[in-house]
Amino acid sequence: MPDATPSGLTIDTTKVPGIGTGGGRRGLLVTTILAIVLGLLLGAVLIVISEVMSGRGFDLAVPFKAYQALIEGSLKDARAIGSTLNIATPLILSGLAVTFGFRAGLFNIGGNGQFLMGAFFAAIVGAAPIFQGPLHMVLAILAGLLGGMLWGFIPGILKAWRGAHEVVTTIMLNYVAYLLLNELASRVFRDPTATFAKTRDVTADAQLPILIEGTRLHAGILVALLTAFLVWFLLFKTALGFEIRTVGINAFAARYAGMKAAFIAVLTMSLSGGLAGLGGAVENLGVTKGYPAEYIVNYGFDGIAVALLGRSHPFGVVGAAVLFGALRAGAGSMQRATGIPIDIITIVQAFIILFVAAEPVLRRAVPWLRSRRTPAASAAGA
Amino acid sequence: MAPITADASCKRGRRMMDRAVWRARLRRAARSRWTYVLIAIVAVMYITAALHTPWIGDFSDWVINRVPPISYLILAYAVPIALAAMCGIMCERSGVTNIGIEGMILTSAFVGFLAGAYLDPILGTPGAAIAAILFAILASMLLSALHAWLSISVKADQIISGTVIIILAYGGTAFFNQLLVSTTGLHGTKILPKFQVPHDIANLPVIGWIINAIFNQGPIAMSLVFIVILLHVLLFRSRWGLRTRAVGEHPKAADTVGIDVYFVRYRNVILGGIFAGLAGAFLTLEQFNSFQDQMTGGVGFIGLAAMIFGRWKPIGALLGALLFGAAQAMQIAARIPSSAPGGPLGAFIATVDPQIFGMIPYIITIVVLAGVVGRAIPPKADGIPYDKEARA
């Protein structure tokens, strides 16, 4: 744990997670693809082992069948692609939330709570019959953004003001959000007509429209892509983004250059929370359409996985989220075709980020990556 | 080679000093106004309880008469939290952050369940459970070793390493649960039996309920208090403890006097896995005899909160875990008429959703971490990989 400065802001000179240990942009791409391939390979090994364990015998063809069914289930037709993109949408926004924190040297592990806040705020505003037309939808989305920002602001201000480490405060706030919203959805805002505890349905004009007839693809993906572009623009093309990245790489240097590190920490956590909240809003207005009590999601850790595989870059995050979205969309048809539990996808996901985290070992193990070490190139990021 | 030890001739003197320090502490405690405040509070509680004063009297009556019978419940809820906190203390005192404890507990709970189920026909009831505990601990130690390797040797970000372990545990246990348990209807071994405290002892005035709370438990829960005290003494009174704390506070200085920083960290993180393994074994071999996906429900994270609440000290963390356990037990107690408070207080609590009590521990942790009520300062090198070659 680093020293606390007189202002109370802890300063650490850690590197941004996920942007690699050298080798430039090409090296990053190669190690990322290597991590994905190795993750899928280990998944295949596990499939073979699980076949033996469940008494179906040793068969090397099963992993191929499984992955074939997986690809078909996620890319076969417009419907499949639509569901891949639908699943990818909240993953993109959660991944952007984590990336945004990473770039400022902050670890936002509270994506789950912020997602729930965003979903709840959007559900409440979306169900309120006071607005008409597309304005209602925009207001509901903005409400979600605001809910997430609120839940990101708390750890941000605690970090800047009291030096409380954001990892622990965000984990605690996840539980507070879950329990609080559970209470609100099952008592105060409960829909009296519903058979189980949930808030009232989002009205039709607040729902995100379906993009392509015959699929379930809703407009959330456009919101996610636009947000990814805006985050990229903010981080890499504006003075504020430069300050955020400087604080992330070396908070000491940033302070000596006259940047307000405490302010940046609060702003970054709020915006990061807002991005996760936006994910909640989009998912709620497009898919769930009302906040159910005991709403259990896992977007906090999923966001970290997506941000790591996306190498803490907004466009990388989009790619990683689509990959994970495809894995999940196809998991069902894989299970139907081969009987392998869908949770294999989570394991593959864990293996992939394990290899991303163990990148230095990967670099040492693969000879043609070893010679290309230019540490300075990676420090600048993209 | 023994760099930092008191040599034999010093030990007697040190003991005498310790004794003098304790005498001084007791004297100071006796003179302190907090002692009088405490006595006054206890007196007020007993008087109001006897007079059945509304609100205050209800609360006193509740604490004095209605909580003791369910006190074993508080400890039972606190066990996995406290063990997770011990794992966290082992790691963080030596300078390695470990948020993957949740995943380790989940994995060992599943492995313990599976081992118990498979070994039951071979070893019989208590034997299978004991062997299963060992398997659970082994599984947790393997994951700890992965975390140690990633965070000490590879010098990966330790939060990310913990995240990998959590996702791996969520996926791995769900995968094999569906493959080996849900579809085959595999039954776990019988849960470890609870020790029954003799009625005469359990009904003793004043201390009876404390004895009942500690000993009316299965073997893992019963040993919790002793594990915590042992770890506390070792951490602050042994060579191992001194080295651990030195490595966690200032690894460079520890390295300079000849302590192998990497070795100490590896050892602590892997041994810390024992506690997470015990917590997992407690869930599926002592509390329930079944396994559900994500059944840990965040005890690993709450354990970290208890650790912070206890300022990275084992006994403090146990108190934190008991507080969190009490908050969970209260959710249940509020629903049972015989253990809920009476009078207007009881009527008020009945209107509040029990989940609100569940939020209290998390909010307290945030308040403690923010230093509003006494500041929590972690070990100085916590979470920073040690690089032998790095300058300063």
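This is a predicted model: local features need pLDDT of at least 70, side-chain atom pairs count only at pLDDT 80 or more; totals for chains, interfaces and linings use all residues.
**Legends to the close-up views**

View 1. Chain B has 392 residues, for which a compact globule would have a radius of gyration near 21 Å; the value for chain B is 23 Å, which agrees. The C-alpha trace of chain B spans about 70 × 65 × 40 Å along its principal axes. The secondary structure of this chain consists of 17 helices and 0 strands.

**View 2. Burial and contacts within chain B.** Of the 392 residues of chain B, 47% count as buried.

**View 3. The side of chain A that touches chain B.** Here 38 residues of chain A are in contact with 43 residues of chain B. On chain A, at least two residues each are supplied by helices H1 (24-53), H5 (133-162), H6 (166-188), H11 (299-309), H13 (344-357) and H14 (359-365). H6(A) gives the most, with 12 residues. By class, this side of chain A has 28 nonpolar, 6 polar and 4 charged residues.

**View 4. The crossing of helices H10 and H11 in chain B.** The axes of H10(B), residues 219-237, and H11(B), residues 239-249, come within 5 Å and cross at roughly 70°. Angles of 65 to 115 degrees count as roughly perpendicular, and H10(B) and H11(B) are therefore roughly perpendicular to each other.

**View 5. Residues where H10(B) meets H11(B).** From H10(B), the residues B:Leu234, B:Leu235, B:Phe236 and B:Arg237 meet B:Trp240, B:Gly241 and B:Thr244 of H11(B). By class, this contact has 4 nonpolar, 2 polar and 1 charged residues.

Note on methods:
Residues are numbered from 1 along each chain as its sequence is written. Chains are lettered from A and ligands numbered from 1 in the order in which they are written. Helices (H or I, at least four residues) and strands (E, at least two) are DSSP runs, numbered from the N terminus. The radius of gyration is taken over C-alpha atoms; the globule rule is 2.2 Å times the number of residues to the power 0.38. A residue is buried if 20 or more other C-beta atoms lie within 10 Å of its own, exposed if 12 or fewer, and partly exposed in between; C-beta atoms are placed from the backbone. Two residues are in contact if their C-beta atoms, placed from the backbone, lie within 7 Å. Ala, Val, Leu, Ile, Met, Phe, Trp, Tyr, Cys and Pro count as nonpolar, Asp, Glu, Lys and Arg as charged, and the others, Gly among them, as polar. Axes are lines fitted to C-alpha atoms, for helices over the stretch in contact, and angles run from 0 to 180 degrees between N-to-C directions. Angles under 35 degrees count as roughly parallel, over 145 as roughly antiparallel, 65 to 115 as roughly perpendicular and the rest as oblique.
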